[in-house]
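These are my notebook entries on one model.

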Amino acid sequence: MPAQPRSRRTALVIHGGAGVISRSSVSAEDELGVRAALDRALDAGHKVLADAGSALDAVAAAVVVLEDSPWFNAGMGSVFNAEGGHELDASIMEGHTRRAGAIAGVSTVSNPVLLARAVNSAAPLRPACRACVVTGPSTELSAPSGSWVTLPIGRSLLLSSTVPPIRPR
């Protein structure tokens, strides 16, 4: 009998963000919601890996689920800044190549990790730039057209949406 191909073992680790919430302040129903969202994030990342996708794409897929959830301090669940608005940051890194992409201070992007992924994807086009951070008011204009969804400023309008995969130019 021929040897069976070995399945590739993978591990995907996520966390639900920064901040402190005491367990006593979280209802059983809310805890189920948080755990379900974490499970969806892991499932999204594992699906990418199972379909032979890259680790970077798996991470981005998992983080998109967290950003689309009101339970986490990312994207839709972001906390207000001192002025009552939102300034979202995201970064993503590929350890073996040391390529990184990061964005900071965006307020109209529904999934900041996808914009950070676009910055990371563009890094090979700029060999001198192995790690790049894009920040400031023009950040939201720096990704390829149609690669992310911009939304009017305002917490109630930070809604999840389906965003096509980002491809480098």
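**Entry 1: the D57–R117 pair**

I began with D57 and R117, which form a salt bridge with their closest N and O atoms 2.9 Å apart. D57 sits in helix α2 (residues 55-67) and R117 in helix α3 (residues 112-122), so the pair ties together parts that are 60 residues apart in sequence. I take a salt bridge to be a side-chain nitrogen of Lys or Arg within 4 Å of a carboxyl oxygen of Asp or Glu. Helices (H or I, at least four residues) and strands (E, at least two) are DSSP runs numbered from the N terminus.

The model is predicted: local features need pLDDT of at least 70, side-chain atom pairs count only at pLDDT 80 or more, and totals for chains, interfaces and linings use all residues. Residues are numbered from 1 along each chain as its sequence is written, and side-chain values use heavy atoms, with hydrogens and water left out.

I then looked up accessibility for both partners. D57 is partly exposed at 34% relative accessibility, while R117 is buried at 12%. My cut-offs are under 20% relative accessible area for buried, over 50% for exposed and partly exposed in between (1.4 Å probe, protein chains only).

What does R117 touch, leaving aside its neighbours within four places in sequence? I find S54, L56, D57 and I92 in contact with R117, where contact means heavy atoms within 4.5 Å.

**Entry 2: other salt bridges**

By the same rule I count four salt bridges. One of them joins the side chains of E31 and R35, at 2.9 Å from N to O. E31 and R35 are four residues apart in helix α1 (residues 28-50), so about one helical turn separates them. E31 is partly exposed at 28% relative accessibility, and R35 is partly exposed at 45%.

I also noted R99 with E94, a salt bridge whose closest N and O atoms are 3.7 Å apart. E94 counts as buried, with 17% relative accessibility.

**Entry 3: α1 against α2**

How do α1 and α2 cross? Their axes come within 8 Å and cross at roughly 155°. That makes α1 roughly antiparallel to α2. Axes are lines fitted to C-alpha atoms, for helices over the stretch in contact, and angles run from 0 to 180 degrees between N-to-C directions. An angle over 145 degrees counts as roughly antiparallel, under 35 as roughly parallel, 65 to 115 as roughly perpendicular and the rest as oblique.

From α1 the contact takes A37, L38, R40, A41, A44, G45, V48 and L49, and from α2 it takes A55, D57, A58, A61, A62, V65 and L66. By class I have twelve nonpolar, one polar and two charged residues in this contact of α1 with α2. Ala, Val, Leu, Ile, Met, Phe, Trp, Tyr, Cys and Pro count as nonpolar, Asp, Glu, Lys and Arg as charged, and the others, Gly among them, as polar.

**Entry 4: α2 against α3**

I looked at α2 and α3 next, which pack at an angle of about 155° with their axes 8 Å apart. These helices are therefore roughly antiparallel to each other. On the α2 side I list L56, D57, A60, V63, V64 and E67, which meet P112, V113, L114, R117 and N120 in α3. The contact of α2 with α3 divides into seven nonpolar, one polar and three charged residues.

Is α3 mostly covered or mostly uncovered? It is mostly covered, with eleven of its eleven residues buried. Among them are L114, L115, A118 and S121.

A52 is found in the loop between α1 and α2. Its phi is near 65°, a positive value in a residue other than glycine. For background, most residues other than glycine have a negative phi. A52 is exposed, with a relative accessible area of 65%.

G101 lies in strand β2 (residues 99-106) and is buried at 1% relative accessibility. Which residues does G101 touch, not counting those up to four places away in sequence? I find A90, S91, I92, A116, V119, N120 and C132. The C-alpha atoms of G101 and A90 are separated by 8.4 Å, the two residues being eleven apart along the chain.
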